[in-house]
Amino acid sequence: MQKTLIVYQSKYGSTEDITKIMSMILGPAKYCLTEDFKSEYRDFDFFVIGSPLYKGKLDSRVLDFIKENQKWLSQKPLALFCTCLNRKQGDLILKKLKNKLGDCVLSTKSLGGRLILKELDDNSNSAIKEFLKAVGMPVTDIDITNPEEVVDYSLKLKKLKEGLMPKMPPEELKQYIEDFLVAHNTCTLSTGFGTRVRSTPIEYTYKDGCMYILSEGGEKFANLMLNKNVSAAVYNDYTDMDQLAGMQITGEASIIDDYEEYSYLLDLKGLNINTIKSLPVNLNLIKVTIKKVESLYWKYRKQGYTTKQTLIF
Ligand SMILES: Cc1cc2nc3c(=O)[nH]c(=O)nc-3n(C[C@H](O)[C@H](O)[C@H](O)COP(=O)(O)O)c2cc1C
């Protein structure tokens, strides 16, 4: 699997906080300060460099790191971010750096920073007063860090990184996925609405891009009535890292009360409609139309592909 390295500097902690969030979302990943970089880290597959903005410049240790390592870095996929108070200035500085580094830079982003005046050393204190005066901002604590934006950007980078992986042809991948889904019969169905979340272990039948689930009822329906977006996981028990097999499914759920579709599912399951009708309670039918499957499957390696493959249905 592709590994991400985030190299950063942070004087007062906000760039470090962002780095930690990014590294969890982009994992498998590692983060390190520029001075802790080791030459073996060059083996990572995707690089992110983060720096705060001070007096209109990126941290000099980050700039030195880029300068010293530019030769091999320019052969790697790279993203640059900065934390700052003046986002326009941040964007401009990153754009200039991207122009200098060339096509290896796949993405740049300035993110909101944080300023707690009582934490600043004397040098920073007078410098920041000058900066705030120059940009017409009040001399007070400022916190424009935005975890939601950091998460969104990290997800964007994750997608970018995954797009670089060698892809199995979709038809071949679909076959693997369908065989796996047919060979299993139990999933964990996750539904949610607002703060109410629920994961339900439940039996399913897979057919033609859909998972069909029969259920007497329960709290998952409270979520499904208000939010049709669902996720389902189907997986083998963990034995070791070399035998990983699991699918994370994203889909849309609907409740089927159309007689023909209901009977079709019962046929698939070898159930008789009259037997079901004679039950003392209703059996509800959930149909999950699959939109995306993110899979980790050791068998892909046999074909020379990475174990992680994504299929859009
Ligand atoms: C001395 C000083 C100078 C700064 N200069 C700038 C600047 O030129 N432009 C800007 O957008 N933000 C500037 N900032 C704000 C920082 O970029 C922001 O506080 C950032 O979140 C700090 O990152 P850190 O917590 O990782 O050290 C400055 C902050 C200090 C303390």
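In this predicted model, helix 1 and helix 5 cross in a right-handed sense. The residues that form this contact come from both partners: helix 1 contributes Ile18, Ile21, Met22, Ile25 and Leu26, while helix 5 contributes Pro147, Val150, Val151, Ser154, Leu155, Leu157, Lys158 and Lys161. Sorted by class, the contact of helix 1 with helix 5 holds 10 nonpolar residues, 1 polar residue and 2 charged residues.

The geometry of the pair is as follows. Helix 1 covers residues 14-26 and helix 5 covers residues 147-163; the two pack at an angle of about 40°, and their axes are 9 Å apart. Because the angle has this value, helix 1 is oblique to helix 5.

**Surroundings of the ligand**

The ligand is surrounded by 25 residues. The closest of them are Ser10, Thr15, Pro52, Cys84 and Gly113. By class, the shell around the ligand consists of 11 nonpolar, 11 polar and 3 charged residues. Several elements each supply at least two residues of this shell, helix 1 among them. Helix 4 gives the most to the shell, with 4 residues.

The length of helix 4 can be checked against expectation. With 13 residues and 1.5 Å a residue, helix 4 should span 18 Å. The C-alpha atoms at its ends are 19 Å apart, which agrees with that expectation.

Helix 4 is followed by Gly136, a residue with a positive phi. The peptide bond from Gly27 to Pro28 is cis, and Pro28 is found in the loop between helix 1 and strand 2 (29-33). Lys55 has a positive phi although it is a residue other than glycine; Lys55 is found in the loop between strand 3 and strand 4 (57-58). The angles are listed below.

| Site | Angle |
|---|---|
| Gly27 to Pro28 | omega near 10° |
| Lys55 | phi near 50° |
| Gly136 | phi near 70° |

How values were computed. Residues are numbered from 1 along each chain as its sequence is written. This is a predicted model: local features need pLDDT of at least 70, side-chain atom pairs count only at pLDDT 80 or more; totals for chains, interfaces and linings use all residues. Axes are lines fitted to C-alpha atoms, for helices over the stretch in contact, and angles run from 0 to 180 degrees between N-to-C directions. Angles under 35 degrees count as roughly parallel, over 145 as roughly antiparallel, 65 to 115 as roughly perpendicular and the rest as oblique. A crossing is left-handed if the near helix is turned anticlockwise from the far one by less than a right angle, and right-handed if clockwise. Two residues are in contact if their C-beta atoms, placed from the backbone, lie within 7 Å. Ala, Val, Leu, Ile, Met, Phe, Trp, Tyr, Cys and Pro count as nonpolar, Asp, Glu, Lys and Arg as charged, and the others, Gly among them, as polar. A residue is near a molecule or strand if its C-beta atom, placed from the backbone, lies within 6 Å of it. The expected span of a helix is 1.5 Å times one less than its number of residues.
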